Every structure is written in structure tokens, then in C-alpha cells.
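Please take a moment to look over the sequence and the model before reading on, and keep both in view as you follow the text.

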Amino acid sequence: TTGTMSTVVAQSLHVFGLRSHVSNNVFFFDEQIIIFPSGNHCVKYNVDQKWQKFIPGSDKSQGMLALAISPNRRYLAVSETVQDKPVITIYELSAIPCRKRKILNNFDFPVQKFICMAFSPDSKYLLTQTSPPESNLVYWLWEKQKVMAIVRIDTQNNAVFQVSFNPQDNTQICITGNGMFKLLRFAEGTLKQTNFQRGEPQNYLAHTWVSDDKIIAGTDTGRLFLFESGDQRWETSIVVKEPTSETKNLGVIQESERSVWTGEGAQGEAADFTSIAANHSHLTHIGHQSDKQDVLCMCFSPSEETLIASTSKNQLYSITMSLTEISKGEPAHFEYLMYPLHSASITGLDTCIRKPLIATCSVDRSVRIWNYESNSLELFKEYQEEAYTISLHPSGHYIVVGFADKLRIMNLLIDDIRSFKEYSVRGCKECSFSNGGHLFAAVNGNVIHIFSTTSLENISNLKGHTGKIRSVAWNTDDSKLISCGTDGAVYEWSLSTGKRETECVLKSCSYNCVTISPDGKIIFAVGSDQTLKEIADSSVIREMSAFDVTYTAVVISHSGRMMFVGTSVGTIRAMKYPLPLQKEFNEYQAHAGPVTKMSLTFDDQFLPGDGCVFTWKVFDKDGRGIKREREVGFAEEVLVTKTDMEEKAQVMLELKTRVEELKMENEYQLRLKDMNYSEKIKELTDKFLQEMESLKTKNQVLKTEKEKQDVLHRERMDDLLDKQSRELQDLECCNNQKLLLEYEKYQELQLKSQRMQEEYEKQLRDNDETKSQALEELTEFYEAKLQEKTTLLEEAQEDVRQQLREFEETKKQIEEDEDREIQDIKTKYEKKLRDEKESNLRLKGETGIMRKKFSSLQKEIEERTNDIELLKGEQVKLQGVIKSLEKDIMGLKREIQERDETIQDKEKRIYDLKKKNQELEKFKFVLDYKIKELKKQIEPRENEIKVMKEQIQEVRGHLD
């Protein structure tokens with residue numbers, strides 16, 4: 001789907017994540033590099049240098065199912081499902097970059113998916129196992145895409161967990177599964193079983209070859225069996241534990257030259273069996289995740305120095321085999337190979353401006369802060385509640401996280417994530433800091449709450465949506481907020497008035513995500529109707545088709561020239577703005593599930609995705625990065641609380657005083673030791689001087705002794721030489737006499753030999769004469785005997801001729817009889833053959849009818865199975881919907897209960913106030929009456945005063 005004009009390119013840089021439920025999901029390429037699946041890629045990861053290289057999966061892949069690496073480390077086989085069809089791709093790992101060597105996708109046998117695979121020892125053949133109900137084992141000559149043999153392993157729909165070759169023999173194969181332990185041999189184009197299963201059937205989860213004919217297999221009950229030439233020779237139990245539906249013990253066994261390793265369910269334990277003896281050494285891992293996880297796969301490095309294990313919680317652990325704890329048989333600990341990864345789907349993701357950080361939250365109840373510059377995990381914390389959404393403050397110092405129970409705003413400290421304000425917003429599914437960071441929006445069902453980051457107060461509530469709000473976006477200057485929801489509405493809110501400015505409602509579309517162009521004029525929205533919409537002034541001005549996928553996320557670059565969308569099938573599409581009408585975009589395989597969140601960093605350089613977190617580098621058409629110079633580098637500052645600082649200062653002070661004390665103590669100890677040593681040295685010097693003197697005197701004595709010995713030795717030598725010369729002369733005389741005697745004896749013997757030779761020659765002549773005479777006599781005797789035998793032979797020949805004539809006669813008669821009989825039988829059988837042919841034709845007609853009926857029934861069955869599969873899928877979806885609705889109902893019920901309680905309290909208060917009011921009215925009535933009485937009393941007095949005043953006035957007049 002790459003268009004010719006599309007100019008936006010994204011290059012995958014790094015991934016934080018592991019796809020755990022892939023058969024054989026981690027192995028070593030060499031001593032430093034491991035390969036594991038993540039999203040829709042296989043990742044080559046260098047453990048020492050920390051770099052990653054990607055081997056992308058097939059286009060339109062629905063996810064990997066199994067991996068296998070060849071023993072020579074040259075080839076990687078990947079089993080995938082692409083558009084509901086199984087595909088096996090074989091990559092050449094030695095090529096840089098890795099290239100596809102062969103694709104196996106045309107199968108002349110029924111197959112839904114390939115669940116496990118193995119290469120032969122010489123890497124020429126590939127063994128693949130299909131899933132039930134077919135359960136076919138296929139033996140490939142993969143280079144030529146040729147099936148050498150195929151056999152159905154099981155007819156009972158039992159699961160097959162592992163297939164493998166004998167490491168020294170291409171033709172011997174082992175298969176283990178539920179109630180299945182089979183050894184097969186490939187010969188003359190077929191696979192034949194060579195062992196006979198005896199005893200109770202076990203659920204064999206894993207096996208490994210220990211030698212040419214020895215195999216160790218592990219079961220779900222934690223038992224190990226040793227088979228030799230297919231017969232059980234030995235067994236042991238590793239865990240005393242009943243199997244449960246959650247745990248699969250002994251999920252994997254790995255063999256090294258020194259020992260056999262087994263991985264199991266309980267807290268990632270493993271056991272080491274040296275020389276196949278039950279020498280237990282339990283290995284546990286140190287990690288934050290306290291809940292149990294199953295070991296899914298283990299592998300040794302080529303030097304057998306490192307063991308790596310992958311678990312059901314998407315984690316990778318490693319242990320060094322040379323640890324002293326292992327050699328001593330003590331408990332040793334697995335460590336994270338890279339860093340703790342998310343073990344479930346990611347629900348929230350955000351980036352900031354001042355730091356190279358990515359914040360993520362997940363349904364695994366954790367919040368993680370990643371650094372995309374150093375490709376590391378900066379902070380990590382687990383909580384009691386699931387986290388649905390996260391937003392990172394532009395400064396990179398704070399986050400807002402929406403948990404199931406509350407909305408929390410937290411500080412990102414140097415080594416901790418600490419909450420400093422909580423809001424009672426339940427199940428907030430979307431929140432977002434404004435671009436300036438002074439405000440943040442949090443969604444509560446169909447209401448958007450706006451909070452101030454400085455005063456932390458709720459300054460505004462935006463009401464208007466009738467369905468759940470799925471996404472909110474701020475415009476560049478934070479004066480407006482855009483929201484979209486499941487009710488098909490896209491609203492633009494003014495923050496100054498808290499009212500809607502523009503609205504665009506399309507009931508048929510449930511929106512997933514919304515964003516706004518940098519100039520704030522155009523809104524982009526994606527939803528369930530498989531289009532990307534451009535909205536301006538309350539109306540849709542353009543719609544771009546998604547070509548049969550649903551867009552789940554949309555993001556536009558800060559420059560406004562690039563747009564990225566995430567799809568429900570896990571791909572990312574990069575396109576230029578203004579949007580193309582045709583398929584002019586670059587599509588990248590990223591994830592094995594839907595893309596849940598996407599975000600662009602401030603300088604348009606990185607683009608994280610979902611489930612596993614992918615970071616991508618974004619390029620323009622010439623392959624250059626988008627040039628946007630950073631005026632200021634990334635911030636180095638971190639937050640530390642005062643108490644932490646004071647604690648650290650206190651600890652440092654204590655440590656300093658301790659160091660001073662230790663220094664003084666050490667100096668004192670050193671002075672003591674110096675004194676001791678100087679005394680010892682003095683003693684030793686005196687002792688050695690004395691010894692040297694004694695040795696000197698001893699040496700002098702020995703010298704004089706030696707001179708004496710030399711004189712004695714010379715005298716003895718002279719005596720011996722004289723004696724030897726005398727003995728030599730005596731021996732020479734004696735030997736001369738002996739030689740003379742021997743020579744005389746030799747002369748006599750020579751004469752004797754001559755005489756004997758003459759006698760023997762005479763005897764030989766006499767013997768020759770007697771021999772010739774005897775030969776003549778024998779010749780005459782045998783010639784006479786030969787004459788007799790010749791006459792006898794002639795008589796016998798005459799007899800034979802007579803018998804032959806008789807035999808010819810009888811033979812002739814018999815042949816005539818036989819011809820007659822043959823003719824009769826021939827006529828009889830020809831008639832029978834005609835009858836058989838007629839019946840055969842009739843039966844062929846019936847068979848044709850039956851075959852048509854059978855094929856139509858087969859089609860009907862296939863249609864029904866397809867219907868069943870579709871209904872099952874719908875059932876699963878509906879169950880998911882039911883569960884989410886039940887959760888909502890529970891939340892609402894709790895809210896109703898709380899509100900009922902508050903109503904009761906208020907009613908009680910109203911009743912009390914009414915009573916008080918009645919009493920006050922009574923009191924008022926009494927007071928009114930009293931006032932009237934007093935007024936009555938005051939009136940005559942006032943009259944009197946009036947009269948008096950008049951009198952005074954008169955008196956004053958008189959006085960004047």
C-alpha cells in the first residue's frame with residue numbers, strides 16, 4: 001500500500017515489550033545477541049551494547065504463533081497468520097539486514113495454523129506441527145518448498161506442545177503433548193512411530209534430548225521422566241503440587257553439557273539436575289511483580305554462561321551460570337534482562353517537551369516512565385487499581401493518571417512517583433494537560449472537568465455529550481478544547497465561556513480519536529465508519545477512506561505537514577498533509593493487536609505506538625529528519641522532596657562521622673600493628689643472625705670433611721685401575737685357548753657332513769627305479785577296469801532311449817487332455833468376467849452419485865463450521881461488552897448508594913430544621929403578643945409625655 005507520492009517515512013528505533021505467547025519465544029543468535037518477538041516484529045537485541053535491530057513480520061499479519069532458529073544460527077523460521085491463512089517465512093539471519101529466504105504458503109493439506117516448528121541438525125529440513133483438529137506433522141525440505149512426509153499425529157483433538165529432531169540424526173523425531181510421547185523415524189518418504197506408549201498417559205508439556213537415545217520429558221504435575229530408546233527408565237518429581245488451570249508446571253526444559261534445567265509455574269522456579277540426579281537448586285527472581293508467573297521458554301547462550309527465561313507476564317529474566325550460589329547449591333536470583341516490561345495492554349501514553357520521556361499506564365496496574373533517548377526505564381510503580389489514562393506535564397515533572405477509583409496528580413521524583421492531589425473522578429478514561437501545562441482536562445463519562453494545575457481546583461465542567469467521551473485535544477494556544485465520543489459527536493469548546501463553539505454530530509459513527517491542526521482551523525477525527533474526517537465550522541469538509549480497516553488513533557505533526565494514523569490491525573500509516581485521496585501513504589507493521597495510543601514528541605522526531613511501546617524516527621522524502629532546531633537542550637533537573645533531601649543529608653552526615661571514626665580506628669590499629677611488626681622483625685633478625693653464624697661454622701667443618709673424602713677417593717681409584725688391567729690380561733689368554741679348541745671341532749663336523757650327503761644321493765637313485773616299475777603295473781590294472789565300465793555304460797544308454805520313447809507317448813496324451821480342460825475353464829471365466837464388468841459399471845454410477853452427495857455435505861459442514869466460528873467470535877465480543885457494562889453498572893450502583901445516603905442525611909436535616917422553624921414561629925407569636933401589650937402600655941405614657949411637653953411649652957411662654 002505504499003503510494004508513489006507519499007513522502008513521510010517512519011523508521012522503527014526501539015521497542016519496550018515482549019510478545020510472550022509465541023512458541024519458542026526467546027533464543028540466542030550469538031553470545032551477545034538474543035532474538036525475541038515484540039508486536040509484529042522479531043527483535044535482535046544486543047545485551048551488552050543495548051541496541052535493537054528489527055526483523056519485520058509479514059504484511060497484513062495477524063500475529064506470530066511460533067519461532068524456530070536453525071542449529072547453525074543462519075536461518076529463522078516464523079509461523080504467522082496472514083489474512084486468516086497460515087504462512088511460514090524463513091529469514092536469512094546472516095544477511096544484513098535480514099532478508100526473506102523462503103515463504104511457505106501453498107499447502108496441499110488442510111491446515112489452520114502451525115503451532116510449533118523445529119530445524120534439523122544440518123538445517124536442511126524443517127518440522128512443522130499444525131493445530132487440532134488436523135494435527136498434521138509435516139517434514140519439509142524447505143529450500144525446495146517440498147513436503148517430504150506428512151503424518152496425522154492425533155485424532156482426539158489433544159494439544160501438541162513441542163516437536164524436535166534428534167541433535168545427531170535428521171531422521172529421528174520426538175513429539176510431546178497431552179497424553180502423547182511419540183518417537184518417529186523418517187524412512188522411504190514416510191514417518192513411522194518407533195516407540196510404544198506404556199503406562200498412564202501424562203500431559204507432557206516439554207522435552208529435551210540429553211544424548212542420541214535419551215530424552216527427558218516434563219509434565220503438568222511437575223514430574224520428570226527419562227526415556228531411553230523410547231522406554232521409560234527413571235522418573236522424579238520436582239514440585240509437590242496439584243496442577244491447576246492457571247499454572248502449567250514444567251512448561252519448558254533446557255539441557256546443557258553440565259546439567260538439565262526445568263522451568264515451572266510457581267514464582268518462576270527452576271530446578272537443576274546435574275547428571276540427571278535430583279540435585280535441587282530453586283531459582284526465584286527478584287522483581288516487583290509479586291504475583292505468580294509461568295516460565296514459557298528458556299535458552300542457554302552458546303558458551304552456556306547465561307540462561308534467559310521468558311514468562312507469561314511478558315518479562316525476560318537472566319541468570320549467570322557461574323554464580324557462586326549455584327555451585328554451592330544455594331538459592332540464586334534471576335534478574336531482569338533489560339527492565340520490567342508491561343505485562344498487559346497499554347491504556348495510556350503521553351510525551352512531554354522538556355525531557356525525552358514517554359509515560360505509559362496499563363491494565364497491569366502499573367505506571368512507567370521511559371526515556372526514548374537512552375532507551376531505558378526511568379521510573380516504575382505498581383498500584384492496587386487499574387490505570388486507564390495518563391498525561392505528562394510539558395515540563396516532565398508531573399503526571400495525571402486516571403485510576404478505576406480516583407484521578408491522581410503525581411510528582412515524578414528522582415526515584416519515586418508520589419501522588420500529591422486526588423480527585424474523586426471514578427474510572428476516568430481520558431485526561432490531557434494543556435500545551436502550556438497550566439490546565440488539565442479529565443473525562444468523567446460524558447462530562448469533561450477542567451482543572452487548574454496551579455490552584456488544583458476544578459475551574460469548569462463541559463457538559464453536552466450524550467455518550468462516552470473517547471478523546472480530547474487542546475488547540476495550540478489552549479483557548480479551545482476538542483472532544484469526540486461514542487455518540488458520534490465532535491465538539492469544539494471555548495474555555496473562556498465553557499460553551500460549545502462548533503459541533504458536528506454523526507450518529508452512525510462511534511469516534512475513537514480526535515486531533516486539531518496547528519493553526520486550529522481543522523479538526524481531524526477517526527472512528528468506526530473506517531474513514532478519516534476533516535471537520536471545519538461544524539461540518540465535514542472531506543472524508544478519506546481507510547480501505548477496510550478501522551482507524552483507532554490519529555496524530556498530526558507540530559509542523560502540520562505530516563499525519564499518522566493507527567489501525568485496528570496494528571499497523572501505522574504515515575501520510576503527508578494535505579491528505580491524499582488515493583492510497584498514497586506508507587504503511588508499517590508494528591503491533592499484533594490494535595494501536596491504542598499514539599503521540600508525537602515536541603520536535604516531531606519520535607512516534608510511540610501501543611501494546612508494546614514502539615518508538616519511530618520520522619523522516620521527510622529525502623530521508624532527512626524534520627529539521628526543527630531545539631533552542632534549549634533537554635532539562636536535567638529532577639524533583640526531590642525536602643524530607644528526602646533532609647533524610648539523605650542526615651544519612652550522609654552519619655556516614656561521614658562513621659567514616660571519620662573508622663579512619664581513626666584504622667590508624668590506631670595500624671600503629672599497633674606497626675609496633676607489633678617492628679618487634680617481630682627485630683626478633684626474627686636476631687634469630688637469623690645466630691642461625692647464619694652456626695651455618696657458617698657448619699659449612700667450614702663440611703669443607704674439611706670433603707677434602708679428606710677427595711683424597712680417599714683418588715687412592716681407591718688407582719687401586720681399582722690396577723686390578724682391572726690384570727684381570728683383562730688373564731681373560732685374553734683364556735679366550736685364545738678356547739678359540740683353538742672350537743676351530744678343531746668345526747673341521748671334524750665338516751668331514752662328517754660330506755659323507756652323509758653321498759649316502760643320501762645313493763638312496764634317491766634306488767627309490768626312482770622302484771617307483772617307475774610300480775607305475776607300469778597300476779596302469780595295466782586300471783585299463784582293464786575301464787574296458788568293463790564302457791560295456792556297462794552302452795547297455796544303460798540303450799535302456800534310457802527305450803524309456804524316452806515311452807515318456808513321449810504318455811506326454812502327448814496328457815497334453816491333449818489338458819487343452820480340452822483349459823478351453824472349458826476359459827469359456828466359464830469369460831462369462832463370469834462379463835457379469836463382473838456389468839456390476840462394476842453399475843456400482844461406478846452409484847459411487848459418482850454418492851461422491852457428489854458427499855462433496856455437497858462437506859461444503860455444508862464447512863459453511864456450518866464457518867458460521868459457528870463467526871458466532872463464537874461474536875459471542876466473545878458480546879461477553880467482553882457485557883463485562884464492561886457490568887463494571888459500569890457496579891460503578892453506577894455504588895454511586896446511587898452513596899447519593900441515597902446523602903439524600904437521607906439531607907432529609908433528616910430538613911426535618912430537624914422544620915421542627916426548629918415551628919418552635920421559632922411559636923416564639924415569634926409570643927413575642928408579637930408581648931410587643932402588642934407593651935405598645936398598649938406605652939400609648940397612655942406617650943399621651944402623658946405629650947401633655948407634659950405642652951405644659952412645659954406653656955410655662956416657657958409665660959417665662960418669656
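This is a predicted model: local features need pLDDT of at least 70, side-chain atom pairs count only at pLDDT 80 or more; totals for chains, interfaces and linings use all residues.

The paragraphs below go through the domains, the nonpolar cores, the salt bridges, a surface patch and the annotated helical spans.

The domain assignment of the chain gives domain 1, covering residues 13-152, and domain 2, covering residues 368-463; the centres of domain 1 and domain 2, taken over C-alpha atoms, are separated by 41 Å.

What lies between these domains? The largest nonpolar core has 43 residues, and Ile34, Phe36, Leu316 and Phe564 are the ones that touch the most other members. Strand E54 supplies the largest share of this core, namely four residues. Because domain 1 and domain 2 both give residues to this core, the core lies between them. There is also a second, separate core of 19 residues, and among its members are Leu127, Leu137, Leu141 and Val160.

Turning to charged side chains, a search of the whole structure finds 29 salt bridges. One of them joins the side chains of Asp416 and Lys381, with a distance of 3.2 Å from N to O. Asp416 lies in the loop between strand E36 and strand E37, while Lys381 lies in strand E33, so this pair ties together parts that are 35 residues apart in sequence. Lys381 itself counts as partly exposed, because its relative accessibility is 26%.

Another salt bridge is formed by Asp405 and Arg408, whose closest N and O atoms are 3.5 Å apart. Asp405 counts as partly exposed at 23% relative accessibility, whereas Arg408, at 14%, counts as buried, since buried means under 20% relative accessible area.

A further salt bridge is formed by Asp644 and Arg418, with the closest N and O atoms 3.2 Å apart. This pair links distant parts of the chain, for Asp644 is in helix H2 and Arg418 is in strand E37, 226 residues apart. Asp644 is buried, with a relative accessible area of 13%, while Arg418 is partly exposed, with a value of 30%. Elsewhere, Arg74, Glu92, Arg99, Arg101 and Glu143 are linked in a network of salt bridges.

Val638 is found in the loop between strand E54 and helix H2, and Val638 is partly exposed, with a relative accessible area of 46%.

Finally, an unreviewed UniProt entry carries the annotation "coiled-coil region" for residues 645-705 and 746-951. In the model, residues 645-705 are 100% helix, with end C-alpha atoms 84 Å apart, and residues 746-951 are also 100% helix, with end C-alpha atoms 210 Å apart.

Conventions: Residues are numbered from 1 along each chain as its sequence is written. Side-chain values use heavy atoms; hydrogens and water are left out. Helices (H or I, at least four residues) and strands (E, at least two) are DSSP runs, numbered from the N terminus. Buried means under 20% relative accessible area, exposed over 50%, partly exposed in between (1.4 Å probe, protein chains only). Domain bounds come from an automatic or database domain assignment. A nonpolar core is a set of buried Ala, Val, Leu, Ile, Met, Phe, Trp, Tyr and Cys residues joined through side-chain atoms within 4.5 Å. UniProt positions are given in the numbering used here, feature names are shortened, and annotations may be inferred rather than shown by experiment. A salt bridge is a side-chain nitrogen of Lys or Arg within 4 Å of a carboxyl oxygen of Asp or Glu.
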